[in-house]
Amino acid sequence: MANYLALIETTEAAFGLIIPDCPGCCAMGHSYDEVYENGVEALREWITDRVAAGFPPPRPRDAFALRRDPALAEDFDSGSVIATLPLLLDTGTEIPADVSLDAGLLLQIDDAAKLRGISRSAFLAAAAREKIAIGR
């Protein structure tokens, strides 16, 4: 799984995020958590569109390369911080997976999936994406 580095800048009213290796890919939020979550989704959509257009995902640079990039000097000078965003890209190919879960937990998963009108597999995939995106 690839990770991309983002620069997050704060103002009194909002948080902004750019992904230097994905030109034009950005996100906003009212908190660090919100801008981070929006950034993960923006990255997924940006890369998905790029791949659909026939281009490979750009190679992510490390923090040292970003710091050396003169085009980003102003961002670093203004106090932007670096965050690591996971690329949660679907391939469109489903693979069966055998997992073992406590029977009570499985009942709760099934109830929660039914409440949302989705399958158990879709619920587990969404929960896994959310956990990976949080990165904690």
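Reader: How much accessible surface does the protein chain have, and what share of it belongs to carbon and sulfur atoms?

Author: In this predicted model, the accessible surface of the protein chain comes to about 9,200 Å², and carbon and sulfur atoms account for 56% of that area. The burial of residues is a related topic: of the 136 residues of the protein chain, 31% count as buried.

Reader: What radius of gyration does the protein chain have, and what would a compact globule of 136 residues have?

Author: The radius of gyration is taken over C-alpha atoms, and for a compact globule of 136 residues it would be near 14 Å, whereas the protein chain has 18 Å. Taken along the principal axes, the box that the C-alpha atoms fill is roughly 55 × 40 × 25 Å.

Reader: Which elements make up the protein chain, and in what order do they run from the N terminus?

Author: There are five helices and four strands in the protein chain, and, read from the N terminus on, their order is β-β-β-α-α-α-β-α-α. As for contacts between residues with a separation of 6 or more, 53% of them join residues 24 or more positions apart.

Reader: How many aromatic pairs does a search of the whole structure find?

Author: Such a search of the whole structure finds one aromatic pair. It is formed by Tyr32 and Tyr36, whose centres lie 6.2 Å apart with 25 degrees between the planes, and the pair is stacked, because planes under 30 degrees apart count as stacked.

Reader: Where do Tyr32 and Tyr36 lie along helix H1, and is Tyr36 buried or exposed?

Author: Helix H1 covers residues 32-52, and because Tyr32 and Tyr36 are four residues apart in this helix, about one helical turn separates them. A residue is buried when its relative accessible area is under 20%, so Tyr36, with 8%, is buried, while Tyr32, at 32% relative accessibility, counts as partly exposed.

Reader: Which residues does Arg50 touch, not counting residues up to four places away in sequence?

Author: Arg50 also has its place in helix H1, and, leaving aside residues up to four places away in sequence, Arg50 touches Phe55, Pro56, Pro57 and Pro58. At 27% relative accessibility, Arg50 counts as partly exposed. From Arg50 to Pro23 the distance is 11 Å, C-alpha to C-alpha, and the two residues are 27 residues apart in sequence.

Reader: How many positive and negative side chains does the protein chain have?

Author: The protein chain has 12 positive and 21 negative side chains, and the centres of these two sets lie 5 Å apart.

Note on methods
Residues are numbered from 1 along each chain as its sequence is written. This is a predicted model: local features need pLDDT of at least 70, side-chain atom pairs count only at pLDDT 80 or more; totals for chains, interfaces and linings use all residues. Side-chain values use heavy atoms; hydrogens and water are left out. Helices (H or I, at least four residues) and strands (E, at least two) are DSSP runs, numbered from the N terminus. The radius of gyration is taken over C-alpha atoms; the globule rule is 2.2 Å times the number of residues to the power 0.38. Buried means under 20% relative accessible area, exposed over 50%, partly exposed in between (1.4 Å probe, protein chains only). Contact means heavy atoms within 4.5 Å. Accessible areas come from the Shrake-Rupley method with a 1.4 Å probe; for residues, only the protein chains shown count as cover. Lys and Arg count as positive and Asp and Glu as negative; His and the chain ends are not counted. The place of a charge is taken as NZ of Lys, CZ of Arg, CG of Asp or CD of Glu. Rings of Phe, Tyr and Trp (its six-membered ring) pair if their centres lie within 6.5 Å; planes under 30 degrees apart count as stacked, over 60 as edge-to-face and the rest as tilted.
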